[in-house]
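Colleague: I am new to this one. Can you walk me through how to read it?

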Amino acid sequence: MYRYKILITDDDRLLQESLEDILSEKFETVIAPTGERAVQYLKKHPADLVLLDIKLPGIDGIETLRQIRASGIEVAVIMMTAYEDVKSVVTAMKMGAFDYLVKPLDIEELDVIIDKALENLKLKRELEELREQKYREFNLDNIIGRSDGMKAALKMAGIVAGSFDTTVLLEGETGTGKEVIAKVIHYGSDRCNMPFVGINCGAIARDLVESELFGYEQGTFTGGLREGKKGKCEMADGGTLFLDEISELAPPAQVKLLRFLEEKEFYRVGGTEKIKVDVRIIAATNRPLAECIEEKTFREDLFYRLNVAKIKLPPLRQRRDDIMPLIGLFLEKFNAKFGKKFQGVAPEAEEIFLNYHWGGNVRELQNAVERIVLMENENLILPGHLWFLQSAPPELRPGSERVQPIGEGVDLSVINRNFVVQAMQESGGNKTKAARLLGITRAMLLYRLRKYGLR
């Protein structure tokens, strides 16, 4: 079990020995009688916490703390003073000291403050490790993009990441990785240590979108939190706000979002105090917003405000060069998850992967690999493992471009079926887009897919 190390910095020999006796049962302890010795020790050896006396021979505790912070050493510091020296204590707290203790020390108080300081340090280290993991995961160099379309998208993402607050619009079919690119921009920017907050505009009831974005004051809603609630805009202060499925945002919310984009200020629902925040907005849509403007479902002025830097993500069927590298990445991930030993893909299976239409894009590919690794126990992915990709009707199988021919005497249902197949092919499997091509509702399209046995 890890034992925290505490550096005791005090010139009082009796206090040194007393603290060492008290703390050594739970912690590893080290003594440095002067500020100079403490700084020298910390530069060569790691420690978790410093008990630092304000009055020391040589440099005092305030200067010692300043040198520790200037050296970039990550350690919790608790100041000790023989009397309430308010000015020195305030100075130390402003410099990053966690807390202070007044001599003679109260043992129970000492124990409580040390535990709180170490818990705070643990949380900070876990947060820093999480940030490091996110940075590695969403580092531009780690994103697979060998195809020309993806190279262009990643190049644009790298340029935008260099800007502090440029608004970004991501367009691409469902499953193409829009949120991944949004995180690449966030973690590659100067905002990387601040929050990345996402909200799916299409998954929230229309009458709740405003309160989700901007929050609400106490007593605004029956059943709401008594103390009120921060909205996503406020939670993302200093960082990035990711608005997914922006095309689904209700018209009233579009008006308020436009005002927020222009002023970076808002009122909570039911509030009278104007709140100002600093956020970068990244919006994403699986429908071209130009089409939504033509349909009168999206404000043109909001589109122009969002369309500062647009990145278009190509569907997977247009980036065949990326399919096998992505499969390799997913195999590594799911081997670790399920304890399997898949090493690659058999040539015949590779051909199936490359020729499949991938209407669900990268997300569908990832799900397919996860399913295989979970269910099978081979070293290679074999053609037989891909039966669920080959079991679609002939019109929807990988690489199919032909529609069932219409001969004499064929009834109208065959013609309707062919139109449905064509629409699904032309839309890349996107049911909403296919329904628009056919001039019917999405629910009607789903009914016809079931009726004609098309999966």
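Modeller: Gladly. Keep in mind that this is a predicted model. Let us start with strand pairing. Strand β1, residues 5-9, pairs with β2 in the parallel sense, over 4 bridges. Within that pairing, Ile 6 is opposite Thr 29 of β2.

Colleague: What holds strands of a sheet together, and what is the order of the strands in this open sheet?

Modeller: Strands pair through backbone hydrogen bonds, either parallel or antiparallel. Here, 5 strands form an open sheet in the order β2-β1-β3-β4-β5, and the pairing is parallel. β2 (28-31) and β5 (99-102) are the edge strands; each has a single partner, so one side of each lacks a neighbour in the sheet. On average, neighbouring strands are turned by 20 degrees against each other, direction ignored.

Colleague: Which strands does helix α1 lie across?

Modeller: Helix α1 (residues 13-23) lies across β1, β2, β3 (49-53) and β4 (76-81). α1 runs at about 165 degrees to β1.

Colleague: Where do the buried residues of α15 fall?

Modeller: An α-helix has 3.6 residues a turn, so residues three or four places apart point the same way. In α15, the buried residues include Leu 365, Ala 368, Val 369 and Ile 372. Down the axis of α15, the buried residues fall within an arc of 125 degrees, so they line one face of the helix.

Colleague: How do α18 and α19 cross?

Modeller: Packed helices are described by the angle and the distance between their axes. The axes of α18 (residues 431-438) and α19 (residues 442-451) come within 9 Å and cross at roughly 95 degrees. The two helices are therefore roughly perpendicular. Among the residues that meet are Ala 435 and Leu 438 in α18, and Leu 445 and Leu 449 in α19.

Definitions and conventions. Residues numbered from 1 in each chain as written. Predicted model: local features only at pLDDT ≥ 70, side-chain atom pairs only at ≥ 80, totals over all residues. Heavy atoms only, no water. Pairing = 2+ DSSP bridges. Axes fitted to C-alpha atoms, helices over the stretch in contact; angles between N-to-C directions. Contact = heavy atoms within 4.5 Å. Buried < 20%, exposed > 50% of the residue type's maximum accessible area, 1.4 Å probe, protein only. Arc of directions from axis to C-beta. Parallel < 35°, antiparallel > 145°, perpendicular 65-115°, else oblique.
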